Structure formats: C-alpha cells, structure tokens
Amino acid sequence: MNPLLLTDGYKVDHRRQYPDGTTLVYSNWTPRKSRIEGVEKVVFFGLQYFIKKYILEDFETHFFNQPKEKVVAEYSRLINNYLGENQVGTKHIEDLHDLGYIPMVIKALPEGACVPIRIPMFTMYNTLPEFFWLTNYFETLVSAVVWMPCTSATIAKQYRKVLDKFANETSSVPEFVDWQGHDFSMRGMAGIEASLISACGHLLSFSGTDTIPAISFLEHYYNANSNNELIGGSVSATEHSVMCMGTIEDEIGTFRRLICEVYPKGIVSIVSDTWDLWKVLTVYMPELKNEILNRNGKVVIRPDSGDPVDIICGNPNGINENERKGVIELLWETFGGSVNSKGFKELDSHIGAIYGDSITVDRATQICERLKLKGFSSTNVVLGIGSYTYQYNTRDTFGFAMKATYGEVNGEGREIFKDPITDDGTKKSAKGLMRIDLANETYVLTDQVTWNEEEQGELKEVFRDGKLLLDQTLSEIRLRLK
C-alpha cells in the first residue's frame with residue numbers, strides 16, 4: 001500500500017487547515033504518563049525499525065518507485081471515495097513523488113535508553129517549506145508502530161529487575177536470568193507485526209523466545225547476526241496434542257519415549273498437566289528418576305493450568321499434600337539437589353520446571369518471594385511470558401503522543417503548546433523548540449530554546465532527507481539498557 005494512506009482520515013486535509021504561509025512544523029514523541037505503578041522511565045526502542053521499514057523500504061517500494069500517475073490516481077480515488085468530492089487535491093502528492101525522498105529530520109535519544117516520563121524520545125520536522133504538512137501527517141504511522149516496542153521493552157525490563165533481584169539473593173547462577181524470562185506471546189498478539197516488535201522488545205532483556213521470526217527481524221533492522229551472536233533461543237518442547245496422542249493410559253510411556261528415545265540428551269520441556277499433574281510428579285517422576293538422572297541434559301516439567309503461584313510454590317490451603325507442596329518441592333523430594341552458598345536449595349541439574357500461563361510481573365514476584373520463603377532458589381523455575389503480559393497494553397499504558405510544539409509562519413517562529421483546562425495535566429505539552437540533556441544520569445528537558453540550543457544536547461540526528469544517519473546494533477542497544 002502507498003504509505004501515505006497509512007494514516008487517520010482526518011490527517012489528509014490538515015495541509016489546508018494550517019495558517020497560510022506555514023513553512024515548518026516541529027513535533028516530538030513523548031511518553032506522558034505511566035499507568036504501571038513504580039515505573040517512571042520508559043525504554044526507547046523501535047524508531048530505527050520504523051525508519052527502515054516505512055520511511056525507506058515502503059516509501060521506496062510503494063511510492064517513489066511506482067509510476068507517479070498510478071500513485072496519484074490511486075490516492076485520489078481512495079480519498080474521494082472516502083471523503084466525497086473535496087478539495088484535498090493531489091499536487092502535494094505529486095510534488096513529493098517528484099522530490100524522490102522524505103524531506104524530514106528526525107533527532108532521537110539512543111535506543112535502549114531509559115527515558116523519564118514527560119521527556120521526548122525524538123523530534124521530527126520538515127526540511128523543505130512546501131512539505132510542512134508532512135511532519136504531523138506521520139503521527140498516526142509513528143504512533144501505531146512505535147508505542148508497542150517501547151512498552152514491551154519497558155515491561156520486559158521490569159521482569160528482568162524482579163528476576164535479577166531474587167537470583168542475586170538466592171541463586172548460584174544469577175546469569176541464568178538471561179533464560180528465565182521466556183517469550184511465549186506470539187500466538188496471542190494482535191497480528192504478526194505486533195508479535196515481532198513486542199518480541200524484539202522482550203529480547204533486549206532476555207535470550208529466551210519462541211518467536212522465531214524476531215531473530216530475522218533483528219538481523220534485518222538492527223544489524224544482529226545469529227551466526228556469531230546469541231539473538232534468541234529456545235529448547236525442544238511438547239504440547240498437549242503430543243501428550244494426548246500418546247493416550248492417557250500410557251502417559252508414562254510417552255514421557256519415557258521422549259526422554260530416552262526422541263531426546264536422549266539435551267533439554268526437553270514436557271507439558272505435564274494434560275490430565276493429572278500431581279500423578280506425573282509423584283508417580284511418573286519417581287519411576288523415571290534413574291533415566292532422568294542418567295541423561296546428559298535436563299527434563300523440564302511444564303504445568304500449564306491453575307494459579308501459577310500456587311502450582312509452582314504450593315498452596316498452604318490446598319486440599320491435599322501435593323497441592324500444599326507445589327511443583328518445586330515435589331521435584332526436590334524426588335530428585336534432590338544441593339544447597340548453594342547463599343543457603344538456598346537448587347534442584348539437581350537434570351530436572352527443572354517452567355510455567356507459561358497467565359504470568360504477570362506481580363505473579364513473577366510472588367513466585368520468587370514464596371520460593372525464597374520455602375528455602376528454594378528463584379532460578380529453579382523458568383517463566384513463560386506471554387500475551388497475557390504483552391497484549392494487555394495500549395498506547396495509553398505510557399501515554400505516548402506525538403505533538404507539535406513549534407512552527408514557522410511567514411518566516412516567523414511560533415512556540416505552540418496544548419494545555420486543556422479539563423485535563424489533569426497529562427496532556428499538557430512542552431512548548432517551542434526543545435533540548436534534552438543528561439544530568440545526574442537521567443534525561444532532563446529544556447523547552448522554548450533557540451535553534452542554536454536545539455542543535456546541542458542528547459537528541460542526535462538519525463535521519464535526514466531520505467538517509468539513515470545512525471544505524472544502531474542490537475548488541476549496543478542491549479548493553480545500553482543493561
């Protein structure tokens with residue numbers, strides 16, 4: 001599709017609504033409010049993808065490299081059918097096609113930076129006066145593409161903080177946290193692009209993912225290379241259909257076949273609650289103990305139903321002893337393990353557990369806390385983080401918005417802003433040109449600056465007039481976030 005059609009309908013005629021003589025519109029992208037308690041900084045991620053995919057690839061393929069007559073006729077047809085006969089016109093579309101590139105400057109903070117609420121992540125403005133209309137024309141496309149990778153990267157970082165904290169307190173292998181948060185979200189996201197940009201946000205903080213195309217995505221848009229660096233990985237794992245086909249009568253036979261024949265070595269994750277999780281843990285596991293301990297690898301038990309905290313850690317109010325003990329304690333009773341130097345129990349390296357249903361940051365915290373209270377290391381369990389985490393968000397999770405704060409009309413600058421009297425202050429914008437500086441290891445905003453001052457500070461040009469000026473890598477973004 002012509003990317004100029006990837007916008008809200010009300011955008012197409014704003015060109016005629018600006019004051020006569022308008023030659024420049026300067027806007028910014030800012031997280032304005034956090035709806036997640038305790039999170040006051042948002043991870044910046046996804047702009048480079050937006051630039052490469054839409055401003056460069058899509059505009060080249062579906063606009064500039066198409067015959068002008070075809071592009072203009074299709075634009076005119078769709079807009080007239082949509083709005084009725086009107087005066088939107090097509091000359092500005094023809095002029096842009098003749099120009100052959102997007103006449104825009106984008107200045108941004110580095111991706112992977114943690115940006116305080118109400119601090120702009122990037123700014124945009126047009127470089128040719130006749131294309132003043134183009135800046136905020138991009139608002140819809142920018143917003144639709146960029147809010148999710150920022151949001152998912154921020155939430156992944158919250159998981160990382162929780163898991164790092166408890167691993168440092170209870171585990172002999174705190175580095176295992178790289179794999180302890182595993183992305184299970186792809187099937188539950190709002191389409192393939194949403195699953196990819198969210199999964200890549202997750203991979204800034206973790207190595208575990210079941211979203212295979214995220215690896216290609218990061219190779220293509222963020223200069224990663226899975227031949228010589230770890231982008232993301234996973235292990236062999238079953239699903240309920242596999243276990244069902246093995247029949248309930250011979251479930252233990254399915255376990256034995258998987259452990260001894262299909263995967264005689266390495267890690268294999270086996271979904272274990274197709275029928276009776278407690279029977280798997282208290283009957284099958286003791287019977288298979290020798291096979292498991294003699295394998296060169298790890299068997300991972302995967303419950304998939306019930307309250308994650310109670311299933312993993314045990315429910316003191318459970319109706320039987322198995323429910324009161326939970327998965328980790330029952331595995332310990334069968335396989336044992338060791339007590340690390342911090343005084344916490346770690347399961348034998350041949351056995352483990354993963355839980356991937358309805359995990360949240362709060363539930364992850366509870367799991368780690370309750371394991372610690374029982375004397376177990378937090379790294380005894382891997383958490384599958386799915387769409388229950390990553391799809392339950394909107395643009396308003398961090399109040400993202402792109403707003404104009406400066407313009408030029410008939411050669412004169414205008415510092416503009418919004419401050420609705422009926423709002424609680426969330427929607428109050430900055431005013432004029434802006435500069436971002438680092439002070440005490442955080443970003444601070446100064447608005448109403450001069451052009452000379454605007455050119456300084458931490459916002460750096462990443463795009464100008466059809467050219468990407470800064471091409472960041474996954475490795476440096478990960479390092480910056482850590």
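The chain contains an open sheet of seven strands in the order 7-6-14-13-10-9-8, with parallel pairing. Strands pair here if DSSP finds at least two bridges between them. Strand 7 (208–209) and strand 8 (236–237) stand at the edges with a single partner strand each, so one side of each lacks a neighbour in the sheet. The model is predicted: local features need pLDDT of at least 70, side-chain atom pairs count only at pLDDT 80 or more, and totals for chains, interfaces and linings use all residues. Residues are numbered from 1 along each chain as its sequence is written, and side-chain values use heavy atoms, with hydrogens and water left out.

The chain has 19 helices and 20 strands. Both are DSSP runs numbered from the N terminus, with helices (H or I) of at least four residues and strands (E) of at least two. The C-alpha atoms fill a box of roughly 85 × 50 × 45 Å along the principal axes. Of the 482 residues in the chain, 52% are buried. Buried means under 20% relative accessible area, exposed over 50%, and partly exposed in between, with a 1.4 Å probe and protein chains only.

Strand 14 (residues 381–385) has partners on record in strand 6 and strand 13. Its pairing with strand 6 (residues 181–183) is parallel and spans three bridges. There, His182 has Gly384 as its bridge partner. Strand 13 (residues 351–355) also pairs with strand 14 in the parallel sense over three bridges. Ala353 is bridged to Val381, and Ile354 to Val382. Between strand 13 and strand 14 the chain passes through helix 16 (residues 361–373), in a right-handed β-α-β crossover. Right-handed means that, with the strands pointing away from the viewer, the path from the first strand over the helix to the second runs clockwise.

Strand 14 is mostly covered, with five of its five residues buried. In a regular strand the side chains alternate between the two faces of the sheet. Val381, Leu383 and Ile385 point one way from strand 14. Val382 and Gly384 point the other way.

Pockets and cavities were located on a 1 Å grid over the protein atoms alone. A cavity is a set of points where a 1.4 Å probe fits but cannot get out; a pocket is an open set with protein on both sides within 12 Å along at least five of seven lines. Lining residues have an atom within 4 Å of a point. Grid points are joined across faces, edges and corners, and a volume is the space filled by probe spheres set on the points.

The largest pocket has a volume of about 1,200 Å³. Its lining comprises 47 residues, and His182, Phe184, Ser269, Ile354 and Val382 lie nearest the centre. Strand 6, strand 9 (265–271), strand 10 (296–302), strand 12 (345–347), strand 13, strand 14 and helix 17 (387–390) each supply at least two lining residues. By class, the lining has 18 nonpolar, 19 polar and 10 charged residues. Ala, Val, Leu, Ile, Met, Phe, Trp, Tyr, Cys and Pro count as nonpolar, Asp, Glu, Lys and Arg as charged, and the others, Gly among them, as polar.

The second largest pocket holds about 240 Å³ of space. Residues in its lining include Ile36, Glu37, Tyr159, Val361, Tyr388 and Asn393. Helix 6 (139–170) and helix 17 each supply at least two of the lining residues. Helix 6 gives the most, with three. The classes are seven nonpolar, four polar and one charged.

The whole structure contains two cavities of 30 Å³ or more.

Lys11 sits in the segment before helix 1. Lys11 counts as buried because its relative accessibility is 4%. The Lys11 side chain makes a polar contact with the side chain of Glu139 at 2.5 Å. Such a contact is a pair of N or O atoms within 3.5 Å; within protein, one must be able to donate a hydrogen and the other to accept it, and residues adjacent in sequence count only if both atoms are side-chain atoms.

The second largest cavity holds about 40 Å³. Helix 2 (residues 47–64) supplies the largest share of its lining, three residues. Six of the lining residues are nonpolar, two polar and one charged.
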